[in-house]
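I opened the model to look up a few local features and the packing inside the chain. My entries follow in the order I made them.

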Amino acid sequence: HLFEWQPALKNVSSSWDVGIIDGLSGWTSSVDDVPADTIARRFRYDVALVSALKDLEEDIMEGLRERGLDDSTCTSGFTVVVKESCDGMGDVSEKHGSGPAVPEKAVRFSFTIMSISIRAEGEEDAITIFQEQKPNSELSCRPLCLMFVDESDHETLTAILGPVVAERKAMLESR
């Protein structure tokens, strides 16, 4: 989905048509004797967030209608509250077929859009137009990064999630 950040995100590519990327892109060596290209796959945070918002378009429009607003009311932007989650997925060593050896454990980093609010022109208080009804449901959880790593391996987790954190920080400084 086409979108633009104002100002442009710092240290993040301006290309919006990004698919699944290597979680250790830029690394040329192996981590713990495992080929780096088998470690992780992820979406760029802002691309995943925009995709999730696009999926919620009908719910957002419904929220505007319920409050007697139309989409032209939202001229000063909107606020999206996100809950992040990082959890171990346990042993995944049971695999079929051939391919490179991978660590036996996996970790998933994901987010859930908790609420969306807008500040209507001339209004002091924000108006909530979307609230996630089942925030702990698997259906509202959006995987951002899947990693073949033990959740106690903080060094590898930090290496993989470092760019995710940088993208989140860049989004906080833009709109």
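I looked up Pro-7 and found it in the segment before strand 1 (21-22); helices (H or I, at least four residues) and strands (E, at least two) are DSSP runs, numbered from the N terminus. The peptide bond from Gln-6 to Pro-7 is cis, with omega near -10 degrees. Most peptide bonds are trans.

I noted that this is a predicted model, in which local features need pLDDT of at least 70 and side-chain atom pairs count only at pLDDT 80 or more, while totals for chains, interfaces and linings use all residues. Residues are numbered from 1 along each chain as its sequence is written, and side-chain values use heavy atoms, with hydrogens and water left out.

Next I checked helix 3 (residues 154-172), which bends by about 40 degrees at Leu-161; the bend is the angle between axes fitted to the seven residues ending there and the seven starting there. Pro-163 follows within four residues.

I then listed buried residues (under 20% relative accessible area, 1.4 Å probe, protein chains only). In helix 3 they include Ile-160, Leu-161 and Val-164. The buried residues of helix 3 pack against strand 2 (40-42), helix 1 (45-55), strand 3 (78-91), strand 4 (105-118) and strand 6 (142-147).

Last, I looked at Tyr-45. Which residues does Tyr-45 touch, not counting those up to four places away in sequence? Among them are Val-82, Phe-109, Leu-144, Val-164 and Met-171, with contact meaning heavy atoms within 4.5 Å.

Conventions:
Buried < 20%, exposed > 50% of the residue type's maximum accessible area, 1.4 Å probe, protein only.
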